[in-house]
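Let me put the structure up, and then I'll talk through it.

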Amino acid sequence: MARVSRAFDDISNRGGLPSRPTPANDPSGSKPWAQLQQGELPPMMFQLRFYDGQALSLSYSDIRQIRCRDAGYIEILLYAPKLTNVVIEGRHLRELASLLGCCLIRWVEECNERQQIPESAPEVTSISIEMEQ
């Protein structure tokens, strides 16, 4: 039993267990997604927010594959009660794809067509969901 307690002492002397990298949030709020704050536990679900006010929450545990074709196209394959395919289109979305793969996103929001977003900023122009019959 003394060896077990010594193992915990060794970890605490080294500064604890290694932690996962924590993203730095965008203080200006210019991104169409929210990522975790430092020290927060990974969420069980992420939310898709549509420009018409609807929202849909999906479980991270249902994600089977994330494809990023280019910086403006993300395809998420989920095995929920039905095979579900979520397609997120826009621009500058590579960071979003990698954060989704690490379960670090709380929500993703589809932009309103009337919003003026700079060309250099990420933008989600459409979110579509397809379920197999």
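Predicted model: local features only at pLDDT ≥ 70, side-chain atom pairs only at ≥ 80, totals over all residues.

Residues are numbered from 1 along each chain as its sequence is written, and side-chain values use heavy atoms, with hydrogens and water left out.

So, strand β2, residues 45–49. Strands here are DSSP runs of E, at least two residues, numbered from the N terminus. Phe-46 and Leu-48 point to one face and are buried, meaning under 20% relative accessible area with a 1.4 Å probe, protein chains only.

Who does β2 pair with? One partner is β3, residues 55–59, antiparallel over 5 bridges; pairing takes at least two DSSP bridges between the strands. Gln-47 has Ser-57 as its bridge partner in β3. The hairpin has 5 residues between the two strands, and Gly-53 there takes a positive phi near 100 degrees. β2 also runs parallel to β7, residues 105–109, with 3 bridges, and Arg-49 is bridged to Glu-109 there.

Now over to Glu-75, which sits in β5, residues 73–79. Is Glu-75 buried or exposed? It counts as buried, because its relative accessibility is 16%. Its side chain makes a 2.8 Å polar contact with that of Asn-85, that is, N or O atoms within 3.5 Å, one able to donate a hydrogen and the other to accept it, with sequence-adjacent residues counting only if both atoms are side-chain atoms. Beyond four places in sequence, Glu-75 is in contact (heavy atoms within 4.5 Å) with residues including Arg-67 and Val-86.

Note on methods:
Helix = DSSP H or I, 4+ residues; strand = E, 2+ residues; numbered from the N terminus. Buried < 20%, exposed > 50% of the residue type's maximum accessible area, 1.4 Å probe, protein only.
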